Every structure is written in C-alpha cells, then in structure tokens.
Amino acid sequence: MADNQQPSDSPARTQSRKASSVHDVTAEKPPFGARFLTDENDVWSQNAWDHVPPPEGQEEIIAASLARQKAAPVPEEDKLKYNEKPAKNWDNFYKANADNFFRNRKWLHLEFPELVKATEFEAGPMTVAEIGCGAGNAVFPLLSANKNPELKLHAFDYSSHAVKLVQTNPLYSSPPVGSIQAGVWDLTSFSPPPNVEPGSVDIILLIFVMSALHPHEWQNAISNLHKLLKPGGLVLLRDYGRHDMAQLRFKGGRLLEDNFYIRGDKTRVYFFELDELALLFTGSPAPQASKEAKTEVIEEYEDAPGTEDATPAHTPDPSRMSPSPIPQTTDKIPLAGSPVSRPRSPSPLPFSRIHPILQQQSTEANFGAGGELRHPLFSIEQLGIDRRLLVNRKRQLKMYRIWMQGMFRKLVL
C-alpha cells in the first residue's frame with residue numbers, strides 16, 4: 001500500500017501474510033497466494049491483487065502492441081552500440097538515480113526463507129552473494145537483520161558506480177554482525193569474481209539480472225553461477241515475465257529482437273517464458289504444473305516490492321509476490337546441502353515461445369564431444385508465474401504485471 005494511503009474498509013477478503021509462496025514442494029498443503037480478487041466490485045479496495053488471470057481482451061492488446069513494436073524496431077546499425085557497453089549504461093543510470101530508485105527488498109526475506117535461515121545466530125558459516133547488487137537494496141536489509149557472526153555477504157555488479165554506492169553505505173564500513181564485501185564483476189565474464197573461491201557460495205541472489213543480459217550471454221552466466229555455488233547451493237531468482245505491462249508499453253524504436261528491448265536510459269531488458277528459465281538452468285522445459293493457476297488465499301504482509309522498471313514518481317506499492325510453485329520432478333526433495341537427484345525429462349518443448357539460442361541448446365545432446373556433462377546443472381525447487389493486477393486507486397488505473405520467480409539447486413555431479 002502506498003505510504004499516503006489508508007487501509008480500506010472494503011469487505012474484500014484479505015488477511016495479513018505470514019508465509020512465503022516459495023516453500024518446500026514436498027509439503028502436503030503448502031501455503032500459497034496473497035490478495036485474491038473474488039468480486040470485481042472490490043477491485044479498487046486494494047492496490048494489488050495476486051493470481052489474476054489475463055483480463056478480457058488481453059490477447060488483442062498483446063497482438064497490437066507487438067505488431068506496433070515490430071513495425072518500428074531498433075535500426076540494425078544502432079543495435080551494436082546498445083549491446084556494446086551495457087555496464088556504462090548502468091553506470092549512467094546509477095549516477096542519475098543514486099540509491100533512490102529501487103526500494104529496499106525486505107520482501108525477499110519472506111519470499112526466500114533460506115535467506116532468513118542464513119542470518120540466524122546458530123546457522124554457522126554461510127556465504128551469500130548477490131550478483132547485480134545495484135545500490136545494495138537486497139544485501140543491506142539482509143545485513144541489518146543478520147544475527148549470524150559467520151555470515152559472509154558478497155555484492156557484485158558490473159556497474160562500478162553501483163558498487164561505489166554500496167561501499168559508501170554506512171553499514172558497509174560498520175556491519176553490525178557478519179561481514180560484507182563488494183566488487184565490480186560481470187556475470188558473463190570469463191574470470192572469477194574477486195575474493196570468492198569457486199564452489200564456496202551457499203546462496204546466490206539473482207534479482208532482475210538475467211533480463212539485463214543479451215541472450216548470447218545467458219549460457220556463460222549460468223556456467224559462472226554453477227562454478228561459484230557449493231554442491232546443493234541455491235540460486236534465488238526473480239525476473240520479468242512474457243507480455244508484462246512493461247513489455248507491452250514499449251513504443252517504436254525500442255525492439256532489439258523478439259522480447260528484448262532497449263529502454264530510454266539505454267539499459268536492456270528481456271521478458272522470459274517459464275520454459276526459457278527452466279531450459280537455462282536444467283536443459284529441459286518447465287513441468288506443466290508450474291504453469292497451472294492456483295487460487296488459495298494466504299496471509300499478506302505490509303512490506304512490499306515496488307515495480308523494478310517504473311520511474312520513482314510512478315512506482316506503485318504492490319502487495320507481495322506469489323508465483324505459482326511447481327512440484328519437483330525428482331522423486332525426493334533433499335534438504336539444503338544434501339545431494340540432489342537428477343530430474344526426469346518432461347514433455348517435448350514447443351519452440352514458438354522460446355528464444356532461438358535455447359531451441360538450439362534443447363536439441364543438442366546432454367554430453368559434449370569430450371563426454372563432459374552439459375545439462376542438467378541444476379534442479380528446479382520452485383518456478384512459477386506471478387500474475388498480479390496493480391491498481392492506481394487515485395487515477396482509477398489497472399496495470400497487469402507478470403513476473404517470474406524461481407529457486408534452483410546445484411546438482412551433485
């Protein structure tokens with residue numbers, strides 16, 4: 001809820017959230033969902049509703065938007081300059097916005113309980129790395145809540161100006177408990193990050209990061225994540241979903257290639273399908289259960305993520321994230337740090353929604369010429385779509401958002 005708005009007296013049926021939508025998929029009746037719109041008359045009583053199906057006429061809106069964008073793409077001669085120095089464009093972004101653009105991501109502690117466990121006093125040695133840390137909106141709330149003296153936090157970004165913002169934060173020089181180090185590192189590079197040994201990280205945070213990369217950089221990024229993690233280590237991911245409002249509102253001259261755009265500030269963004277994320281991490285498409293809508297209502301909390309692509313003056317304050325979780329495709333979900341069994345192969349992949357580079361990957365053998373294993377590198381613990389209706393009650397506007405959230409565990413090879 002926006003800071004200047006008071007709770008509504010509407011009879012809409014909502015409760016205060018107490019549980020995360022990212023949960024143990026072996027649970028018999030896992031908690032799930034948030035604000036669920038059961039009566040259209042209640043739509044203006046809250047500023048966000050979860051698990052909202054596409055509104056009537058959305059297919060026509062999508063088709064019209066994509067046709068308009070494809071009719072006026074980025075000229076071929078300009079594409080190279082937009083892809084040439086992405087770190088410089090993010091430097092300019094953080095110079096212009098400093099640490100005022102994104103809200104602190106305290107909601108991550110609820111969406112990903114593994115982060116909370118890492119900060120507990122008796123957790124023991126834990127290493128958490130955020131890649132694409134920006135101004136530290138995820139690591140500093142984690143550091144503030146930390147009670148674990150053996151917690152090591154690493155914050156990396158390929159924007160040197162973003163890293164400077166982290167390093168000049170008072171918490172950086174005087175952490176209350178535990179330690180934090182920040183450095184410049186490109187997730188798609190061929191060199192390791194500073195001060196981190198391969199196979200030493202327990203948890204990697206990847207929040208709106210993969211979408212900022214060129215599709216040709218994805219595979220190297222996944223390889224680097226795999227190298228950094230301990231066996232059984234986790235990647236916690238949040239990113240943009242296909243046909244999100246932010247994608248549909250792009251005008252002419254912004255389309256680099258299908259579902260990949262250049263913003264006005266020259267930063268890039270890709271809008272994912274579930275199958276694409278599953279392919280990147282496991283080499284196989286997402287199980288069908290990850291795409292099924294859920295309708296259970298669970299309790300809602302006050303601290304909420306803002307949209308990651310809106311300007312500060314127009315950043316809505318939606319309620320929590322609640323992507324649809326999936327049943328694991330292994331016979332048993334192990335506890336953190338334990339060996340992970342290999343997932344069974346799901347059904348064949350419909351290529352029409354998948355980036356060509358992943359179509360090629362999915363048709364290749366899982367073993368390289370030298371016999372090395374390519375996939376699966378990770379198992380899917382959770383992966384789902386957050387379909388949310390954001391409401392601007394003052395202007396009586398509805399905004400249909402689509403985000404992806406997942407948790408991937410490094411397999412023991």
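What is the relative accessible area of Asp258?

Analyst: Before the answer, please note that this is a predicted model, in which local features need pLDDT of at least 70 and side-chain atom pairs count only at pLDDT 80 or more, while totals for chains, interfaces and linings use all residues. Residues are numbered from 1 along each chain as its sequence is written, and side-chain values use heavy atoms, with hydrogens and water left out.

Asp258 has a relative accessible area of 46%, so this residue counts as partly exposed, a class that lies between buried (under 20% relative accessible area) and exposed (over 50%), as found with a 1.4 Å probe on protein chains only. The side chain of Asp258 meets that of Lys70 in a salt bridge, at 3.9 Å from N to O; the term stands for a side-chain nitrogen of Lys or Arg within 4 Å of a carboxyl oxygen of Asp or Glu. This pair links distant parts of the chain, 188 residues apart, for Asp258 sits in the loop between strand S7 (255–257) and strand S8 (260–262), whereas Lys70 belongs to helix H1 (residues 58–71). Helices (H or I, at least four residues) and strands (E, at least two) are DSSP runs, numbered from the N terminus.

In the whole structure, a search finds 12 salt bridges. In general, side chains of opposite charge can pair when their charged atoms come close.

Another of these pairs is formed by Glu276 and Arg242, whose side chains meet at 2.8 Å, N to O. Because Glu276 lies in helix H11 (residues 274–282) and Arg242 in the loop between strand S6 (229–240) and helix H10 (245–248), the pair ties together parts that are 34 residues apart in sequence. Glu276 counts as buried because its relative accessibility is 0%, and Arg242, with a relative accessible area of 8%, is buried as well.

The loop between S6 and H10 also holds Asp244, which forms a salt bridge with Arg401, the closest N and O atoms being 2.7 Å apart. Arg401 is in strand S11 (residues 397–410), 157 residues from Asp244, and the pair thus links distant parts of the chain. Asp244 and Arg401 are both buried. Finally, salt bridges that share partners join Arg242, Glu273, Asp275, Glu276 and Arg353 into one network.
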